[in-house]
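Please read them with the structure open.

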Amino acid sequence: MKKVRPFSPNTADAPWLKSCLIAFAVLVVLVIVVLPFASVIVQAFSEGPSIYLTLLRSSDMQVAVLLSLKLAAIAVPLNAIFGILLVWGMTHTQLPCRRFIMALLDLPFSVSPVVVGLLFIMLLGKNAPLGGWLEEHGVQVIFAFPGLLLATIFVTLPFVARELLPLMEGQYRQEEEAARLLGAGWWRIFLKITLPEIKWGLLFSIILSLARALGEYGAVAVVSGNIRGKTNTLPLHIEALFNDYELTAANAAATLLALLGVITLTVRIVAELKKKRDSNEH
Amino acid sequence: MSIDVIDVHKEYSGTKVLNGISLSVKTGQLVALLGPSGCGKTTLLRIIAGLEHPDSGTVLRDGIDLRTQRPGERKIGFVFQHYALFRHLSVFENIAFGLRARPKSIRPTEEQIREKVNSLLELIQLDWISKRYPDQLSGGQRQRVALARVLAVSPQVLLLDEPFGALDAKVRVELRHWLRERHKDLGVTTIFVTHDQDEAMDVSDRIVIINKGYIEQEGEPDNLYANPANFFVCDFLGTVNTLEFNGKKLYVRPHEITLSATPGGLEATVTAIRTAGQMVQVALVCNGSPITAAISHADHERLALKNGQTIYATPTVQREFPL
């Protein structure tokens, strides 16, 4: 009897090719992501864990961490509410300037953050009319918390709205009409019909804008004025430490930012798994 | 509860969809709005429900102008063509939705809601799937859940948009008989939209034929079929042949033609015979134009028709329309 040799169809990749591709990908991730990450941790702990903790407990560091968290805690919920309202308005009314609004919304993505910071200074700085007027009334925007907040809100503005727009344009509009005919008010419709439809997108976009708010450097750097222990956010503080050749301290601070990054990533992965389970259940 | 539509006009960016529609539906009637797609029948239904505003004209329910009432206040139930079930809610919660959405002062207790929903689930014979989600249901099941969801709020008028359009043929016939029975039990004034004349004939008490935003004719199904007011209605409700006979232009249905082997009437040639069905369909060519006759199986045997044979056709009715 003739032996039949199973052939691999042309479309299947050869095993050696698969291994090579995987090895290459792993190498790239190792060199570009894992290596620098590991070196940050090693450097941070190079003088021992007790020094590491002392560095983190320094008052400037604590101010920077708190400031970054405070900025994110205000900017992210504001953006979420703004994003939902904007997209709801765009999908439920016949706005004539829809495209224009979408283009405006892309501005924070397309303009360099440094330019954004400069624009704020030119508008709200001491020597600008509006900034001067505010100053006279005792409100300092630039080189103070309000300026940092404005910059943070500006650079994270599009995340929620961009993510939600395609979701809310979806085909659940008839469900909304059905709910309306059954006597439901807009809040109930939003909670029971709209929110379940957009909840994963909303969560993802909130996580993204959270990561951006915590890590933002450019725009914030310009409006902050780098007053240590006052207007330095965590990323700015890291740079300041680095410039002062305090490498261990800089790396210790970097581990905090990295930790925040890891937490956001973890939340995203958990959310994605949950979403998968959700759609399998129904 | 009666519905009166009075001179409703509607235009979408320059295109006239409804051109002065007036219509009254009496309490307990089951009325079909029948017309080709794009004739404006769904728009009319949406205007009655309050999902669209008419440009002019109004809708009354028992003499009350509905323009002052929001969609949720009109006591009108609307079943969408694709059902629009709430996909994030179970079948039970879908049906309970309207009850839970009521203002606190008139909201039933949890116990009352459960009772009401369970009795509706029994009515639609789906009490065994109350925990499932819409995308786990078949088309026919979704249709019935959509109906139960609307019935839960005890509407006084029921509007159905192409209620059987998305179902396969067998389920469609079953469901329309089921709907007919439920309408008999509940007696709710019902208006449904369809483009299928069989469906309209089979289910409704009265048919309103709409074309290009106008009402062409309305009446009882039998009467419309027998006495169409114009060619559009005649053509839309079934096959019709156009014959030149004794110098007149006649519009004759296939079963309104008798065939005979003895000369007289119109001379025609048999081109095809189809015997599958309750009637035998005979395709003929008469003066160069094709016509169709439907004769009984007994007549078919008596005449012993063959393809190519010459035969004499006589219309049994003299239906004419002014041009």
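1. How many bridges join strand β1 (residues 3-12) of chain B to β2(B), and do they run parallel or antiparallel? Eight bridges join the two strands, which run antiparallel, and within this pair B:Tyr12 stands opposite B:Thr15 in β2(B). Strands, like helices, are DSSP runs numbered from the N terminus, a strand being E over at least two residues and a helix H or I over at least four, while two strands pair if DSSP finds at least two bridges between them.

2. A word on conventions belongs here, since this is a predicted model in which local features need pLDDT of at least 70 and side-chain atom pairs count only at pLDDT 80 or more, whereas totals for chains, interfaces and linings use all residues. Residues are numbered from 1 along each chain as its sequence is written, and chains are lettered from A and ligands numbered from 1 in the order in which they are written.

3. The strands of the opening point belong to an open sheet of four strands in chain B, with the order β2-β1-β4-β5 and antiparallel pairing. Its edge strands are β2 (15-25) and β5 (64-65) of chain B, each of which pairs on one side only. Helix α1(B) packs on this sheet, where it touches β1, β2 and β4 (56-61) of chain B, and its direction makes about 120° with that of β1(B). Contact is used here for residues whose C-beta atoms, placed from the backbone, lie within 7 Å, and axes are lines fitted to C-alpha atoms, for helices over the stretch in contact, with angles running from 0 to 180 degrees between N-to-C directions.

4. Chain B also holds an open sheet of six strands, in the order β6-β7-β8-β3-β9-β10 and with mixed pairing. The edge strands, each pairing on one side only, are β6 (76-79) and β10 (214-219) of chain B, and neighbouring strands of the sheet are turned by 15° against each other on average, direction ignored. Strand β3 (residues 30-34) of chain B is joined to strand β8 (residues 189-194) of chain B by five bridges, and these two run parallel; B:Leu33 stands opposite B:Val193 in β8(B).

5. Which residues touch the most other members of the largest nonpolar core? They are B:Ile48, B:Ile95 and B:Leu159, in a core of 91 residues. Leaving aside its neighbours within four places in sequence, B:Ile48 is in contact with B:Ile3, B:Val5, B:Val59, B:Ile76 and B:Leu159. Another core, of 47 residues, lies apart from it, and among its members are A:Ala80, A:Met90, A:Ala151 and A:Leu234. A nonpolar core is a set of buried Ala, Val, Leu, Ile, Met, Phe, Trp, Tyr and Cys residues joined through C-beta atoms within 7 Å; a residue is buried if 20 or more other C-beta atoms lie within 10 Å of its own, exposed if 12 or fewer, and partly exposed in between, with C-beta atoms placed from the backbone.

6. Why does B:Gln141 count as partly exposed? The reason is that B:Gln141 has 19 C-beta neighbours inside 10 Å. This residue is found in helix α4 (residues 139-151) of chain B and, not counting residues up to four places away in sequence, B:Gln141 touches B:Leu126 and B:Ile129.

7. Further along chain B, seven bridges join strand β15 (residues 280-286) to strand β16 (residues 289-295), and the two run antiparallel. The bridge partner of B:Ala283 in β16(B) is B:Thr292, and in the hairpin, which has two residues between the strands, B:Asn287 takes a positive phi near 55°.

8. For chain B, the assignment, which is automatic or taken from a database, gives domain 1 (3-232) and domain 2 (239-315), with 41 Å between their centres, taken over C-alpha atoms.

9. Finally, the contact between the chains takes 18 residues from chain B and 15 residues from chain A.

Key:
Contact = placed C-beta atoms within 7 Å.
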